[in-house]
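Hello,

Here is the structure I promised to pass on. Have a look at it first, and then read my notes below.

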Amino acid sequence: MSARRVAITGVGLVSPLGDELESFLARLYAGVSGVVAMPEWAEGTGLATRVAAPVQGFDGSGIPRQQRRSMSRISQLAVTATGKAIRDADLSDALVRDDRTGIAYGSTMGGTSALGQYFASIMATKTYTEGVNSTTFLQIMSHTCAANLAVAFNVQGRVIASCVACAASTQAIGFGYEAIKHGTLDRVLCGGAEELHVAIPGVFDVLRATSTKWNDRPQETPRPFAADRDGIVVGEGAGTVVLEDYAAAVARGAKIYAEVLGFHTNTDSNHMTNPSVDGMEKVMRGALRDAGIAASEVDYVNAHGTATAIGDVAESKAIERVVGRDTPVSSLKGHFGHMMGACGVVESIACLGMIRDARVVPTLHLDAVDPACAPLAYVKGAPRPGPVRTVLKNSFAFGGINASLVLRK
Amino acid sequence: MDANIIDGKVNQIFLKLFEVDEGQLKPEANLYEDLGLDSLDAIDLVISFQREFQIKPENSELQAIRTLDDVYQLVRRYHDKAAPTH
């Protein structure tokens, strides 16, 4: 079978900027921040960051009990986003349940709150089974989102759990794309999720990677690529895109947001946390090669851009090597923080909006670019109008995991 | 423990843990066919016996449970056994 084209036909998200695509995009263009103060984090000691980007007012109680009992918040977010994506794609129950429909879904952790409750019970009671029930493991396990999605929507094809932290959902889209491209599956529900738990900023805090200087002004951080950036702000949420064989999508009259034109993922292997400019360059070049396009065809780079000291510098240098200094670049983490396992897919959904609307969302809070970053065409201030036909989207994770997608109108 | 108190506590387990409607709480209700429990719920029911009533029934006793009334009777039996004799 020759390689098939892959269409994105549905999107769904639950984010710090809302759970409806149009209002989410409007908030991005308007420069709205989803970051808030977390005064409850002052109840314990040691944590320097007091800001986060939570999903406000989420209620998963509408999920049927026998599905919900195996879901920590992360899986409830994932199921909610995926239900929206399936409806948006107008996929029939028969197509969702078809054995050529699969799932590719990732996260950084499993159900962190469920794991936290279990350990809290051990600490309090010194009994290893006191805090456990029949579904504790199902909430905690690393592939909890993917497995819960399969049961919730009765998906019977292959399930890929791409649990590679901050690159999880970009890999998930890529693996779904490859499965369709090579004829293994016809449709894949792709994405990722993360739930906010104090353990995550805790570990980033120890690594001196969190934003700590803006605790009294949460709406002004994180600041990707800015000279005064001081680290990440942890967020949460979920996003799902429906990928389909392009010809089949056209045949059923589906709305097509864009095509996944290329994907690549690689590993730095030089260090668990230090980014590699070479590795980042290679993954972007690999995605362009897979797409069969030249770097000059890229209209916009959606950066990982987390606002860490070394990550932004490394990514900017890698972007310069691949597309030069004139291609518009922005990061969306200033708007909704770092959604970890969900960031790649939620940022990709934002890119679909930018493609449709022919304008680029600027990096929020980017006043003065760090002179240590490469001199790129950073989009800052107001949205930048202009054709956005081809997007290069990056995600990078601890462990030296890199992933890039090419999306095209 | 008074039988009515036991039955009330059992009912609370079904209302809170298994989210059944109050109207479904009839002694003859079958746990699986009428109240919609499954194998994982059965495990959680046993765990709730231990936590709520500090009882640990034998597997053969658990396997014999079919209805809500079977649950009431099982817990009552254990409490009768544990009741102090004067």
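Before the first helix pair, a word on terms: axes are lines fitted to C-alpha atoms, for helices over the stretch in contact, and angles run from 0 to 180 degrees between N-to-C directions. Helices (H or I, at least four residues) and strands (E, at least two) are DSSP runs, numbered from the N terminus. Please keep in mind that this is a predicted model, in which local features need pLDDT of at least 70 and side-chain atom pairs count only at pLDDT 80 or more, while totals for chains, interfaces and linings use all residues. Residues are numbered from 1 along each chain as its sequence is written, and chains are lettered from A and ligands numbered from 1 in the order in which they are written.

Let me begin with chain A. Helix H8 (residues 168–181) and helix H14 (residues 343–357) of chain A have axes that come within 5 Å and cross at roughly 70 degrees. H8(A) and H14(A) are therefore roughly perpendicular to each other (65 to 115 degrees; under 35 counts as roughly parallel, over 145 as roughly antiparallel, and the rest as oblique). On the H8(A) side, Ala168(A), Ser169(A), Thr170(A), Ala172(A) and Ile173(A) meet Cys343(A), Gly344(A), Val345(A) and Ser348(A) of H14(A), where contact means C-beta atoms, placed from the backbone, within 7 Å.

Next, some backbone details. Most residues other than glycine have a negative phi, and most peptide bonds are trans. The peptide bond from Thr221(A) to Pro222(A) is cis, with omega near 5 degrees. Pro222(A) sits in the loop between helix H9 (199–206) and strand E7 (237–245) of chain A, and Phe225(A) also lies in the loop between H9 and E7. Phe225(A) is not a glycine, yet its phi is positive, near 65 degrees. Ser269(A), in the loop between strand E8 (258–267) and helix H11 (277–291) of chain A, has a positive phi of about 65 degrees although it is not a glycine.

Is each of these two residues buried or exposed? Phe225(A) is buried, with 28 other C-beta atoms within 10 Å, whereas Ser269(A) is exposed, with 10. The cut-offs are 20 or more other C-beta atoms within 10 Å for buried, 12 or fewer for exposed, and partly exposed in between, with C-beta atoms placed from the backbone.

Now for chain B. Chain B has four helices and zero strands, in the pattern α-α-α-α along the sequence. Its C-alpha trace spans about 40 × 25 × 20 Å along the principal axes, and buried residues make up 15% of its 86 residues.

Within chain B, the axes of H1 (residues 3–16) and H4 (residues 68–82) come within 10 Å and cross at roughly 130 degrees, so H1(B) and H4(B) are oblique to each other. Ala3(B), Ile6(B), Asp7(B) and Val10(B) in H1(B) meet Val71(B), Tyr72(B), Val75(B), Arg76(B) and His79(B) in H4(B). That contact has six nonpolar, one polar and two charged residues.

Finally, the contact between the chains takes six residues from chain B and five from chain A. The chain B side that touches chain A has three nonpolar, no polar and three charged residues.

Best wishes

Methods:
Contact = placed C-beta atoms within 7 Å. Nonpolar A, V, L, I, M, F, W, Y, C, P; charged D, E, K, R; others polar.
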